[in-house]
Amino acid sequence: MKLFNSLSLKKEEFAPLNEGRVRMYTCGPTPYNFVHIGNLRTFVFEDVLRRYLKYKGFKVTQVKNFTDVDDKTIRDSQKAKISLKEFTQKYIDEFFKDCDSLNIEKVEVYPKATEHIPEMVALIDYLLKKGVAYKSQDGVYFSIDKFKDYGRLAHIDLAGLKAGASGRILKDEYEKENVADFALWKFWDKADGDVKWPAQFGEGRPGWHVECSAMSAKHLTKMFERGFHPDKFETIDIHTGGIDLLFPHHQDEVAQTEGCVEKPFSKYWLHAEHLLVDNKKMSKSLGNFYTLRDILAKGYAPLAVRYLLLSSHYRQKMNFTFESLDAATVAVQRFNDFVLKLKEAHGSEEKKEVASAIERAKAAFESSLDDDLEMSSALASLFEFMNEINKLGIHQLSKKDAKLVDKFMKEIDSVLGILSVEEELSADVAKLIAERENARKIKNFARADELRDELKKHGIAVEDTAHGQRWKRIFS
Ligand code: AMP
Ligand code: ZN
């Protein structure tokens, strides 16, 4: 399996540091608002990566953090006149709901920055004592001159850039042109209100970047096991995020961690490209964003949104349009209808073409995803497969062949996550379906039509076949 490593700018063969085990850190959301579908594109990519690693037999330990203290969360909790904790918790809860509806798997650990302040303080103190960081009037800064590899991950030629006006930058977010010593710790300022923690170098709060360095080391290595032991740090396998995190966030994470432990932070760095609207990055600050709830309120199905977000290569920009979401809706319906129809197979003969079609489709699916998660060709091979099976005639498949096809579809869905789980029908809907079956039997077609309309309102379509009434969920 090959993955594109932002560090080397090459596709590299993936080999985790411990055989069979993958340690992965994913920068999670800053909970100061609902996430938008741009953020969700990155989270869906990270979910597909995780699922495919598991499909390949790796045991994955993934950490996804919450940046629940930073410039933005403090600013907006004050605007909302509620405590930082209460404010961020609301959006953390909403984030989990969005992930559930997009079928994003739960990861192993969800640390919150505010629950890891002692670890951050220990790390900063160590950097200070080592002389890689220094105290200034408004905070503790990382001295980028003291870290020879500064700029290597983000591929910045420091010589060609002017340093930030003061040579120091306090804000969490800044552009490459303003590369400068960055804040590890910000001394308390009245604008921070009651957000502050004690530290031997002065009361204050952490900078954004140091949060991820501490949480990653804590949950994926033994660095903070019973004390603070930089020598127990172990390089992790994969660190992920959206491309906008490459600089300054990931570059600064590398500087802090490697400046402390003198070992590589992560073997592979993977970044997802942006979701655009009208060819501009979808972002909260530009105000050109859709949340998942905006989209669902228009009647789209969550699985169609998931399909759209995963359907193109993660390193390509994707322009969001409702036309593409309509096309994704059709695609998801096709996958789901195909699997549903397999239940109706009642042929008597086994066909050798079925097993060979599965074998070919599986090989094509895997070789595409092994090539840096080349999703469009993986999906194309699945459509080709469904066409082949449809040509053989699903009804004419033997029950055994249909089971093989069903098993294969469930296998690929362990990666894609686009087949709707067969939830129990609610009692009301089950009653309507039974009532309609009855109306048909007694040839009360007017009532059967009424019930069809009623069921449609519940997202259920009914079709009359030679073998009786069949129902399915509709995605549009
Ligand atoms: P944030 O909550 O701003 O820290 O962002 C959470 C994740 O979403 C990060 O991995 C970002 O890089 C990613 N992200 C932000 N905007 C977009 C976008 N328009 N398209 C894809 N990913 C994005
Ligand atoms: Zn991070």
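Residues count from 1 along each chain as its sequence is written, chains are lettered from A and ligands numbered from 1 in the order in which they are written, and side-chain values use heavy atoms, with hydrogens and water left out. Because the model is predicted, local features need pLDDT of at least 70 and side-chain atom pairs count only at pLDDT 80 or more, while totals for chains, interfaces and linings use all residues.

Start at ligand 1. Its shell holds 17 residues, and the closest are G38, T42, D244, L275 and M282. A residue is near a molecule if one of its heavy atoms lies within 4 Å of it. By class, the shell has five nonpolar, nine polar and three charged residues. In this scheme Ala, Val, Leu, Ile, Met, Phe, Trp, Tyr, Cys and Pro are nonpolar, Asp, Glu, Lys and Arg are charged, and the others, Gly among them, are polar.

Which atoms touch the ligand through polar groups? A polar contact is a pair of N or O atoms within 3.5 Å. The side chain of D244 brings an N or O atom to 2.4 Å from an oxygen atom of ligand 1. N39 places a polar side-chain atom 3.0 Å from an oxygen atom of the ligand. L275 uses its backbone instead: an N or O atom there lies 2.8 Å from a nitrogen atom of ligand 1. Taken alone, ligand 1 exposes 500 Å², and the protein buries 95% of that. These areas come from the Shrake-Rupley method with a 1.4 Å probe.

The space taken by ligand 1 is the largest pocket. A pocket is an open set of points on a 1 Å grid over the protein atoms alone, where a 1.4 Å probe fits, with protein on both sides within 12 Å along at least five of seven lines. A molecule sits in a pocket if more than half of its atoms lie within 2 Å of its grid points. Two elements give two or more residues each to the shell: α1 (37-55) and β10 (236-242). Helix α1 supplies the largest share, four residues. Helices (H or I, at least four residues) and strands (E, at least two) are DSSP runs, numbered from the N terminus.

L275 leads on to a sheet. Strand β12 covers residues 275-277 and pairs with β14 in the parallel sense over two bridges. Strands pair if DSSP finds at least two bridges between them. The open sheet has three strands in the order β13-β12-β14, with mixed pairing. Strands β13 (280-281) and β14 (318-319) stand at the edges with a single partner strand each, so one side of each lacks a neighbour in the sheet.

Other strands pair elsewhere. Strand β5 (residues 133-135) runs antiparallel to β6 (residues 139-142), joined by three bridges. The two form a hairpin with three residues between them. A133 has F142 as its bridge partner. Strand β6 also pairs with β8 (residues 181-187), antiparallel over four bridges. There G139 is partnered by K186.

A further hairpin links β15 to β16 through two residues. Six bridges join these antiparallel strands, residues 460-465 and 468-473. One bridge pair is D464 with Q469.

Two backbone details remain. F247 and P248 are joined by a cis peptide bond, with omega about 0°. P248 belongs to helix α6 (residues 246-261). L373 has a positive phi of about 55° although it is not a glycine. L373 lies in the loop between α10 (352-370) and α11 (375-392).

Notes
A polar contact is a pair of N or O atoms within 3.5 Å; within protein, one must be able to donate a hydrogen and the other to accept it, and residues adjacent in sequence count only if both atoms are side-chain atoms. On a 1 Å grid over the protein atoms alone, a cavity is a set of points where a 1.4 Å probe fits but cannot get out, and a pocket is an open set with protein on both sides within 12 Å along at least five of seven lines; lining residues have an atom within 4 Å of a point.
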